[in-house]
Structures are given as structure tokens and as C-alpha cells.
Amino acid sequence: MEVLARPVGYEDRNGPAIWVDEAIWGHRLHDEQSPWLTFLEFLGVLQAENVEGRALEEAGLNTLAYRPQTQLRLRNLIFNNPHIVTVLAADLSDDAAWKLWLEKMALSAGGLDDTDFSYLRERFDRFQDFASVVSFLQSSAIEGGSNKRWSSKFVFPFGASALYEDVNVSAQGNVATDRRFFARTGEILYLMLCRSRRSAELRERLVSRFLDASTPYERLVKALQADTQYARQDRGGAYLPCSTHPIFDRLADDWLAILGRPIPAYDAIPHLVAITGLNLILYQLDRSREVLGALPISMVCEIVSPKKSVVRDLSADSFQTNNAKPEQALEHYLRATEHTEEWRSALESDEPSLNAAEILQRAFDWPDADDADELRGAPQELMDRLVEKAFVRHKQHVGKVHATWARLIGLSSRRSSRRVRYAPTDRLLKTLVVCCVDRRIEFKDFLVELHQRYGLIIGDQQARLFIDRGDADQEDFSDNARRLEERLASLGLLKRLSDSCAYVENPFQRDEVA
């Protein structure tokens, strides 16, 4: 696995203040960008690159530059349109309703040079029909109940017309790209799949199912938006440090497994989102492991029991251990500089502080050569101050990804406990079955697959380390596996044929199993 240097010229004023998190994990992982928003940003990049004829293709490593859609007319109609309710409540004739609504929208629509929405009258027979479509798209919006500003809300990805970037629209109507909720994690996801060994196969599936399909819902969205609106400038600056990685390939395998099931495209999306979240969590942890030179990542998963158990404690310990790994990797990555010949030479030079500062500036974009306070102190003080600043920055967003995303995808829980531990929900378990089970598989083999593929420890065979070490009895993990078997059976995902034979079944392949 080759780790790539930062591209020349990346040190622009819009880039990170300290280049450390990005060097390890890419530009960038961000806790405020949920797995759903990551998936939407990915689709936006895919759509932009597909228009240019290069979907899931990199002309050169870390050269991604794309021009996303903005679709501001659509956003105004769905999320910045309080007038539709008041007009309906007025109980006017159809013509009067259209006239009043068009006047109000012309005055309140944001970020548009032309606020004339009269084209909608030609596309809908009645104002009530138009209002019903708007209401449907509002109710199906992604994270629609959030209190985000209207320009940072997103319709469900019914098709290419429903994809757009996150923007900030000022009171004066100026439109600017905003990186708070589309924080580039979707770009990292895009680059991962570009660099997977099955990118060509994945491109065909994604384009045909999500971009080129002319479904009734896509046509409704297109009727509201009219002509496509694009950003005025290309979006560049995406960076992923690894040219290849096993997780890139596993992520592509998981996506193709889901897309290969006889599932309607829209129903497949929640599974894609959940498995993407799990793989990105594992990517962060595995890159941390690589920096630290540690053992492979594992996650002890408690299948929730009615009372406290040994497995629950081990699961909480496993969560805390993994949660600490990115910060440990960060410090290890920084302090590795102290063991280089260049650093030792700087210490022995006539101006050790100045030379040490130059080394740190080249490697990490810190300290600022014009800031006297940052430059003060001996080389060890400079390094300690850099580590402290990097920790503060890391804890703001990148350091929260593991805990935040694990909760959002249903991997972790505090239910019946003061401590957070790995305790997968029914929703995540169903996604794991959809990904890992082609038709049916013996339950014990399913546990092996989860362990080998994602590092999940549930049954006693996977927990040998803890059992041999005396941290748990075999019965503790056997009971844990039994609870999983019961959960899967209650979800209709497992069938027991005899006392010694239970099969996990993919719910979308039952006809073939029968």
C-alpha cells in the first residue's frame, strides 16, 4: 500500500491550518457530516464526473476537480416556501392561488438571479397538485426534521435532478459553498471507490440505477427544478493518502453485493449508507493501526441482554480502546519526526530552534514563520506545542468520527449502561445480512464472516483471545451468539432446521433459497 505525499501547491490559504489529520486519513473526515450526507455528497461528485464522462475514474491521484449542481430553484420550492401553506389555507380559486403564490415567491426566493416560477403552471394542472408534490418531497427529505437552514437541507436522491452541493445563501442573495455539512467526506468516499479494484463494475451499476434511471419521482423533481443549475467554479482539493487499501476493495464489494440483490434502488440506499458508515469507521481505525504498528482492529459486540454481562464490559472496553486510537496515532505520527536524521541534525546545528521550526513547517504547515509566539522555545517545546495544537484541532471533528458515526449507523449504544459499547441494532444487522449472505449461510459461518470481514467479535470461536486470557468464559460468548440467533430469527433472517443447524437467510433471495 503506497501512502501518497500531499500534492504540490496544496498549501493554499483555504487549506487546513495544520496538516496532520489529513496526512493520515485524508481531506477530510468530519463528524458533522453524517453517513447520509456523505452518501449525498458522493452522489453529487459522481453525477458531476459522469457528465464529464469520467465517473469513478481518476486521471491522476488526488487531481479530482468537479462542478456540482446547485439546484437552487428546487431548494427554494421545497425548503424555502412557507407561502404554499398560507395560500392553500386562503381557499382561493386556482388562478388566484397561483397568482398570489408566484408574487410571494418572487419576493422571498434566495440565491436566484431570476425568481420567476411561472413555468410551474405549465407543468401542473392545479395548484393543489403542485402543493402535493412539494409536500411529498418535504416529507421524504434526508434529515428533514433538522433545524438546518433551508439551503443545507436535501431531498431524497430520487435521481440526478435531486443532487446538489451544500451552500450558504446570504440575506443579500449571495451564494457560497459551505463545507460544514458537505465537509469533503463524500469526496473521500468517491476517491476510495475510484481506487478499488472493482471501480468499473461499480460505475456501471451506480450510473444505471441512480443517475440514468428516469423514474416517476425523478421526473417530478425535474419538473420542479427545470433547467439544471451548476456551481460557477470547479471544486478541487480532495486528498486521500492511500493509493490502494483493503478497505477500498471491501467497500466496493459491499456496495456491489447490495446493488446485486433484487432490491429497488431507493430501498437499497439505506443499506449503502449504513455499510459505508461502518467501512469508514474501520478505515479511520485501520489507518490509526497502521501508523501505530498495532494489531488488527476488532470490535467486541454485545447482543443486548436484559442484565449486565461480562461481554457488555468487554464491549465497552473495546469501544474505548478503539475510540482512543486516532488520537494515539496522531501523536505517534507527529513525534516520529523526532527520530529522523533531519531532526537530529537540527538539534546539533547552530540554530536548533529555527531549523526545527523549518522542519515542522514543511511537514505539518506549522509554525507560522510570521508569528513570533509560535516560533519561540527550544525544539522540544515546539514539538510539544504542535502536539497540543493538533490535539485541540483533532478533538473538534476528526476525533469524534468513531463515536458519532457508530451511534448514527446503529453500531453503538448506551442502552441499559453508563458506558458506550458496541451493540448493533436490528437495522444494522439486516444490512450485514444483506451484504454478507448471498442466499443462505450457516449461522456459525455467518459469525466467522462478520469477524473476518469487519473484525466483529460475537461468538466464542471469535473471542478465543479473551477466553484464553481469562477475561471471559466460553459460556459468556456462547450466550451472546445465542441472543444474536434469536434476534435474527425474530427479524425473519434466520431459520433453524434442527437443534444443530441454523441458517441465516438473505431476505431478498428467499425464492432462490426455496
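Me: Which elements each supply at least two residues of the lining of the largest pocket?
Reply: This is a predicted model. In it, α1 (21-25), α3 (72-79), β2 (175-177) and α16 (379-396) each supply at least two lining residues of the largest pocket.

Me: Which of them gives the most to that lining?
Reply: β2, with three residues.

Me: How much space lies in the largest pocket, and which residues are closest to its centre?
Reply: The space is about 820 Å³. The lining has 37 residues, and E165, V175, A176, T177 and R235 are the closest to the centre.

Me: How does that lining split by class?
Reply: The largest pocket is lined by 10 nonpolar, 14 polar and 13 charged residues.

Me: What about the second largest pocket: how much space, and which element has the largest share of the lining?
Reply: About 460 Å³ of space lies there. α12 has the largest share of the lining, six residues. Of the 19 lining residues, P296, S298, I457, L465 and F466 lie nearest the centre. By class, the lining has nine nonpolar, seven polar and three charged residues.

Me: Changing topic. At what angle do α10 and α11 pack?
Reply: α10 (residues 246-259) and α11 (residues 265-292) pack at about 170°, with axes 10 Å apart. Angles over 145 degrees count as roughly antiparallel, so α10 and α11 are roughly antiparallel to each other.

Me: Which residues meet there?
Reply: On the α10 side they include F248, L251 and W255, and on the α11 side they include L272, I275 and Y283. By class, the α10 contact with α11 has 11 nonpolar, three polar and three charged residues.

Methods: Residues are numbered from 1 along each chain as its sequence is written. This is a predicted model: local features need pLDDT of at least 70, side-chain atom pairs count only at pLDDT 80 or more; totals for chains, interfaces and linings use all residues. Side-chain values use heavy atoms; hydrogens and water are left out. Axes are lines fitted to C-alpha atoms, for helices over the stretch in contact, and angles run from 0 to 180 degrees between N-to-C directions. Helices (H or I, at least four residues) and strands (E, at least two) are DSSP runs, numbered from the N terminus. Angles under 35 degrees count as roughly parallel, over 145 as roughly antiparallel, 65 to 115 as roughly perpendicular and the rest as oblique. Contact means heavy atoms within 4.5 Å. Ala, Val, Leu, Ile, Met, Phe, Trp, Tyr, Cys and Pro count as nonpolar, Asp, Glu, Lys and Arg as charged, and the others, Gly among them, as polar. On a 1 Å grid over the protein atoms alone, a cavity is a set of points where a 1.4 Å probe fits but cannot get out, and a pocket is an open set with protein on both sides within 12 Å along at least five of seven lines; lining residues have an atom within 4 Å of a point. Grid points are joined across faces, edges and corners, and a volume is the space filled by probe spheres set on the points.
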